[in-house]
Amino acid sequence: MVRFGADTAGGLGAQRFEADIYDCEVEGEIPLGLNGVFIRMHGDWLYPPKYADDSFIAPEGYVSSFRFEGGVVDYKGRWVRNERFRSQLAARRQLYGYYRNPYTDDPTVADVANPHRRTTSNTTPVILGGRLYATKEDGLPHELDPNTLETLGPSNFGGRWTSQTFTAHPKVDPLTGETIAFGYEAAGLASREILLCTFDSSGTITHEVRFEAPYASMMHDMCITQSHVILPGGGLVTSPERLQAGQIHWGWDPTLPAFYGIIPRGGEAKDVRWFKGPSRGIIHTANARTEGDKVIMEAPMTDTNYWGCFPDIHGEAFHPARHLIRRLTFDLGSKDDRCSEEVLFPNVATTSFTRVDDRFTSLEYRHAYCHYSDPNRAFDGSRGGRPTGPINNCIGKFHVHDGAIETWFAGDTHSLMEVSFAPRPGSSEEGDGWLLAVADNLAERRSELVIVDAPTMEEVGRVILPFRSGKQIHGVWAGAHQLALTPLHGRIP
Ligand code: V55
Ligand code: FE
């Protein structure tokens, strides 16, 4: 019999069921301007992991949506039916081993030459060329039907995408509508190869370049400016030997520099410049821009290993790391390959999940939004119980130009997941819109989607789910014009 411990894989638990809820219970007001869909991806175990110490980012992909129209909200949740999910459901057991190590898979599915086949598709809902994809950086994106959340299948963009892998964090240029995306470990396990492509607004690849990273490392997110692409990485290491020995994909090596590839948009492999900095953990970015000879980026970063599931290769014990939002400057006018760093909010440790108003991606901007834990706001254990992980009780609006922080507090039994920004229709001013984030209400053991007015940082309403949602990884808001959404009333049988 399948048994899940309460703490399965890092205390995240598992949801395990698919769901349809019509006309969700609502508190407050749902703004009529929210016409579209908030789509989230989760990691959710179908069966308990083969290894109890596997990574919390290894579970199966699951997608959910809150469809907003005319002040009402429908909820839907579905597994991503990729090859991995279908194989395991057919076998009625967990077949896949450690995070990104096919040498630990059951022989009936193991394929070390094609590791992308075991992708979980669990990370980010990506909209590209008007289509919706479930992404995970170890494999190809899987197209989903945006109305039914049905999995349509993997895509290599008509054969034009020649990497085995595709990032979970492509970036869209709001001025041209182009998408820029990369894949690393592009030529197979532990390979240094990177593919970087530009797609036009219809989703057709218009430019590609291949080059090699300084060393094979996790490269999770990226930035674009109006003239450059930034690819950060470093700290985590892998190798064929490590994988053949049956270890989890990544180990942390604090002796190695963080690296930052700076590539002119539309450039060739010879134009790539690798800047280096002190050992840092960098998972996500906020935004970047080019000013004269300088490329400037803001991102939350740690000084030490950020995840205990990827142990130090020298055996150092893991200590929880602090994410601090930093500004990095790369001087293209200098021959020096080091970058300069500045901590922007030294007194507030965040999560790694900074988001911006995407209409300002690549441009000068003022606000990064990030959920985080304010230790000065007490958790009410008498109602909320004993939490197994950190409680992220606030959404911060971090003013990157002047260091101010505005905060919205979710409550003394609530823990938030990543925040997404939804623009107010007809507006063009940065930050004019709403923040959407799902919070676990630990007193009621259910999840709630909170809607916060971004200019005032005041709550306007919330959508109540009658259960505790599986753990979200990333979410995205799509206005009704961005995806082929059928009108809401047409979806009710
Ligand atoms: C991250 C998440 C992943 C992954 C690699 O948040 C990095 C960072 C959910 O999957 O595979
Ligand atoms: Fe991510």
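In the predicted model, M219 touches F182, Y184, I194, A213, L231, P232, G233, F259 and W274, with residues up to four places away in sequence left out of the count; contact here means heavy atoms within 4.5 Å. The model is a prediction in which local features need pLDDT of at least 70 and side-chain atom pairs count only at pLDDT 80 or more, while totals for chains, interfaces and linings use all residues. Side-chain values use heavy atoms, without hydrogens and water, and residues are numbered from 1 along each chain as its sequence is written.

M219 is also one of the residues with the most contacts inside the largest nonpolar core, together with I194, L196, F211, L231 and F310. This core has 34 residues. A nonpolar core is a set of buried Ala, Val, Leu, Ile, Met, Phe, Trp, Tyr and Cys residues joined through side-chain atoms within 4.5 Å; buried means under 20% relative accessible area, exposed over 50%, and partly exposed in between (1.4 Å probe, protein chains only). Two or more residues each come from β11 (179-184), β12 (193-199), β13, β15 (228-233), β16 (236-237) and β18 (258-264). The largest contribution, three residues, is that of β11. Strands (E, at least two residues) and helices (H or I, at least four) are DSSP runs, numbered from the N terminus. A second, separate core of 21 residues includes I21, L34, Y75 and I451. In soluble globular proteins, nonpolar side chains tend to be buried together.

Salt bridges, defined as a side-chain nitrogen of Lys or Arg within 4 Å of a carboxyl oxygen of Asp or Glu, number 41 in the whole structure. One of them joins R280 and E341 at 2.9 Å, N to O. R280 lies in the loop between β19 (273-277) and β20 (281-282) and E341 in strand β24 (residues 340-343), so the pair ties together parts that are 61 residues apart in sequence. R280 is buried at 12% relative accessibility, whereas E341 is partly exposed at 27%.

In the salt bridge between R327 and E298, the closest N and O atoms are 2.6 Å apart. R327 is buried, with a relative accessible area of 18%, and E298 is buried at 0%. Both R327 and E298 belong to a network of salt bridges that also links R289, E291 and E342. A further salt bridge, between R424 and D453, has its closest N and O atoms 3.0 Å apart.

Note on methods:
Chains lettered and ligands numbered in written order.
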